[in-house]
Amino acid sequence: MDQEIDRFVQAILIAVDPAQVALHQQALEYLSNVQQNVHETWRLALTVFVDMDPSGQGRKYPPQARFSSLRMLDEFFDNRFEPLDEETFRTLQQSIISYIQSEYVYGSAESTATFLRNKFSHTLTLFFLCTYVEQWPTFFTDLFSLVGSAESSSQPKFNHHVSLLLFHLILEISGEVADQTIKSARTFNPIRHTRDGRVRDAVRERDAPLINEAVLTIIAEGAERMGMLRKSGGESRALNEVVEVVDWGVRTFGSYVGWIDINLTVTPTTVPLLFSLLSDPSLAIRLAASVALLRIVSKGLKEPEDKLQLIKVLSLGRVIDALESKTREQQIQRGSDEDEGEESYREALGKLLNVLGLEVAKLIDDCPKPGVVSEAKELQNQLLPVMLRFMADEYDDTCSTIFPLLQTVLANYKKARKVSSDPLDDTTRSFLTSLLDVILQKMKWDKDEDPADMDEEDIAAFDGLRKDLRSFTDSVLTIETDLVTLAVRRLVLDTLSAYRNGLSIEWHDAELAVYLVYIFGEISKSGGKGRAAFCLAPAVPKDKRKDVDYSDYPLTAHGEILLALVQSGISAYPHRAVVMQFFETVARYGDFFKIRKDCIMPTLEAMVDGRGLHSSDLSVRSRTYYLFHRFIREGKNDISSELAVSLLEGIRDLVIIKIELPNLESPEDDMLTEAIKNPGLFDSQLYLFETVGILVSLLSKVAEQQASLLLSIVTPLLDDLSTNIPVAKGGKDVIPILRIHHTIMALGNIAKGFPDYPSPVPEGYSFAPLEVFRQVAQAILLSLEAMSIFKGVRDATRYSFARIIATTGSNVTHLIPPLMANLLAHFEPSELVDFMNFIGLLIHKLQNDLFDVLDELLGPLNAHIAQLLSQPTTGTDDALTHVDTKRSYLTLLTNVMSSDLHDVFISERNKSALESLLENMSRIARDTSDPNSQKSAFSFFGRCVQVWCNPHPLSPGGNAPRSQTLPGFERFVYERLVPAAFAVLSAPQFNPKDGQMLMVLLEIANFLQVIYKTRGTEAHDFLVTVFLPSQNWPPATAMEFTTKLRDLDNKAFRKYFTEFVRASRSQSSS
């Protein structure tokens, strides 16, 4: 045995010693083997833990070995649900009692290795759970017999070490058998669940009074001793020991109050004791007492009267009221000297009030007895003022403790408001008014903080607080709208008026006023939309609004505060947060400036000068680029050509592109790729380029000036392209490549600022400067030809050409063939999706003008797609690329068929490839592994039937796209596609209950109806006499099906067909 013990101890010491590399693995394997056989080796672990050294003064083995021994004993006890054999139990019981006597009663309680204390209490708890019910019913009696101390007036009555062991043990037991958080964290075991319930019941029946009396007696003795030591100025060590005992005693009491009889825990003795400890000088004791009281209050009781009586007996509301006042006064006295401990105590009091209030609210909500509800409402009214004082606390953590209670109270008010339109009673109105005052004060930033210097986590926390406060405001708004709108309006106007009159306003007060204007549109939900939100004008037809002078009409409350905002000059306030909130607000409410046009100029001046676009603060400039763009875009109809020119001159110095290189996270990262993904300020600057386009477009009535101005803006950018192409070709320096990429993107965004090319072109339409855009497009194409090996340049070119074509229509179509050729000269598989989306956009914009381009493109594109889809996938990313490419391809083909370009499939250049294309599409339609693509394939074939199977094609002057029948295509439909459709529906892996497969089923229903409606009698005869009989359909079923196919509208047939397929499949499976 001794040799085995030595090996065991040695293995542990090697395992925990990083220097023992050679033997480390061997030691771990040995220990693992010992642990796996713990039902035999537990004696080894027990011996190592409890054995004394020869002198009898200490333990024989080192702490690391003893700790590992406890872990082995844990393994032996845990999840053990059968009684131990008598010899094993007696050995363990006697060894443990002897250990406690020697180490805790007469010893120092592991003073040299304190981490063993908690570990031992956990191991003892597991042993208790195994043995208490059937083998050691005297567990607590035996333990309590050890807690007494020597009878001396100068010494505590109870042994300090044993008392703490007792408390830790009861805490552990409560956690194991009653703590739902611990239970939910581990895998549910029904045997363990039953065992824990038996232990809990046994403790209640046998020992709950004894445990409770022992715990409270030790706490009371400790409290008395604390008082004596504090009065006499006793030694700090002795006082600290007593405080520790009382602290852990109260925690222990709080751990079991939820699961033992409340008549034991709430008595004329315990309540005063807990209340005295709730205001004890020791913070730890106060916090423990608050948790214990919280658990008492939240204990579930069957009868509402019992819960009401408990709340009344405790009178906790009055106690919290007094303590809140006391701690708030102390908080004021501390001033700027923050005491985190004392603030945590106020937070604990807030939580206690919150739970008390929620329990009272449950009585109001759930109890059917009017007497109980009446008393509960009276109690709630006493708590509400205290709740508001906690909510007003400057510390947000304390403030938010009562949010659940406040939410419940407001929900009850809202519920009552729905069933009664009577005016609010004075008590409720007074409470809601006070609540709004607190909410508006809490919405302020901390005066001593600056959001610009705060980290993202703190800013997010404050934004979250504002969001919560906003939700409470919305609740009050539902209860009494005028209370909110008047309170907000008064605060905003008072603050803005004071600033306008030269009074000193703190930055956080100014920011709050502007923020309230910003959210007023959400607060005033009953207001109108558009201009009606800001002025009380009669409804005016859209085409006549330009002729109406809205300044003659009175403003709404929202219009009033927006006017005050602009006129106050608060945009000049010397604080970034105030100015940025101003910009956010004016950009949000563009319709206001349509009814008060005199406010446009001061707002634009603020945005353009050093407060906004020209600010020295990079983050201000970045955000203002977007807000300026939004303001101009929404208000462009009220900007004159003269003002547009002035603004362009004012921002011309900002349309210079600067390259920023990011810091690479890994040496393997590609600088060019990362710099395009993270372009810094340029990402926001793109909004400014688009704004330039909007402003230039406003000069449409002076075409020469417009073209000249646009040319003056794009020329430096075009010069940049031509300068950087030779330098960038080598690819060694990423900066010129980035400059080309950014410049192409900027040019595209300038084009984006212009209105889309109309189709058809109305009479007298003022075109964009087409010649300038041709030059821009040509320059971008030349850049692509030189730089097409770079994906970023290809992406930027696609982006910009899409916007230039949207602006110029068919005027640059001659550049599309070389554009396509260069885009396809070098490409990555993932780019094909973007390329096909780009083609789809061109089809939408150019229609017939794209026919020749598409005729050339279709063959090479089909070849690229076929090559890509034929390659085996090698990973998840590869598979996703395949799926996305296939879906984009199907969407493109369907778009071609749905436009007036379907003849491209049967042109001289492409007709030879049509058969293989249809075969590929048919294969996709049958592939049940990809339902989305299946659906698209049947949609494509449905359109093909409409176009190529129509016996009466419409002429180009008809009401539908010109159709050209394709001889023999109907045979392909009947012989290949119809059988494929029914084969899909009958396939074993097809599940019509699956959402995606249901979409396939509905698309097949559409497809069959298209065939029937296009071919008429021929389709009917084919189904009834040829196809359905070949599928062994009964004649009556076939006739019913074709009749429904003919007579029902699309919605009704899809419903019928879905039910038909489901019924058919269930019959075949049974």
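**Helix packing in a predicted model**

Trainee: In this predicted model, which helices do the buried residues of H21 pack against?

Mentor: The buried residues in question are Phe-403, Leu-405, Leu-406, Val-409, Leu-410, Asn-412 and Tyr-413. Their packing partners are H18 (340–366), H19 (370–391), H20 (396–399), H22 (426–442) and H23 (456–479).

Trainee: How far apart are the end C-alpha atoms of H21?

Mentor: H21 covers residues 403–419, which is 17 residues.

Trainee: Is H18 roughly parallel or antiparallel to H19?

Mentor: The axes of H18 and H19 are 9 Å apart, and the packing angle is about 155°. Angles over 145 degrees count as roughly antiparallel, so H18 relative to H19 is roughly antiparallel.

Trainee: How many residues of the contact of H18 with H19 are nonpolar?

Mentor: On the H18 side the contact includes Leu-349, Leu-353 and Arg-346, and on the H19 side Val-372, Leu-383 and Lys-377 are among the residues met. The contact residues divide into 3 charged, 3 polar and, for the nonpolar class, 15.

Trainee: Is Leu-686 buried or exposed?

Mentor: Leu-686 sits in helix H33, residues 681–697. Its relative accessibility is 11%. Under 20% is the condition for burial, so Leu-686 counts as buried.

Trainee: Leaving aside neighbours within four places in sequence, which residues is Leu-686 in contact with?

Mentor: Gln-101 can be set aside, since its C-alpha atom and that of Leu-686 are separated by 78 Å, and contact requires heavy atoms within 4.5 Å. With those sequence neighbours left out, the contacts of Leu-686 are Met-745, Ala-746 and Asn-749.

How values were computed. Residues numbered from 1 in each chain as written. Predicted model: local features only at pLDDT ≥ 70, side-chain atom pairs only at ≥ 80, totals over all residues. Heavy atoms only, no water. Helix = DSSP H or I, 4+ residues; strand = E, 2+ residues; numbered from the N terminus. Expected span 1.5 Å × (residues − 1). Buried < 20%, exposed > 50% of the residue type's maximum accessible area, 1.4 Å probe, protein only. Axes fitted to C-alpha atoms, helices over the stretch in contact; angles between N-to-C directions. Parallel < 35°, antiparallel > 145°, perpendicular 65-115°, else oblique. Nonpolar A, V, L, I, M, F, W, Y, C, P; charged D, E, K, R; others polar.
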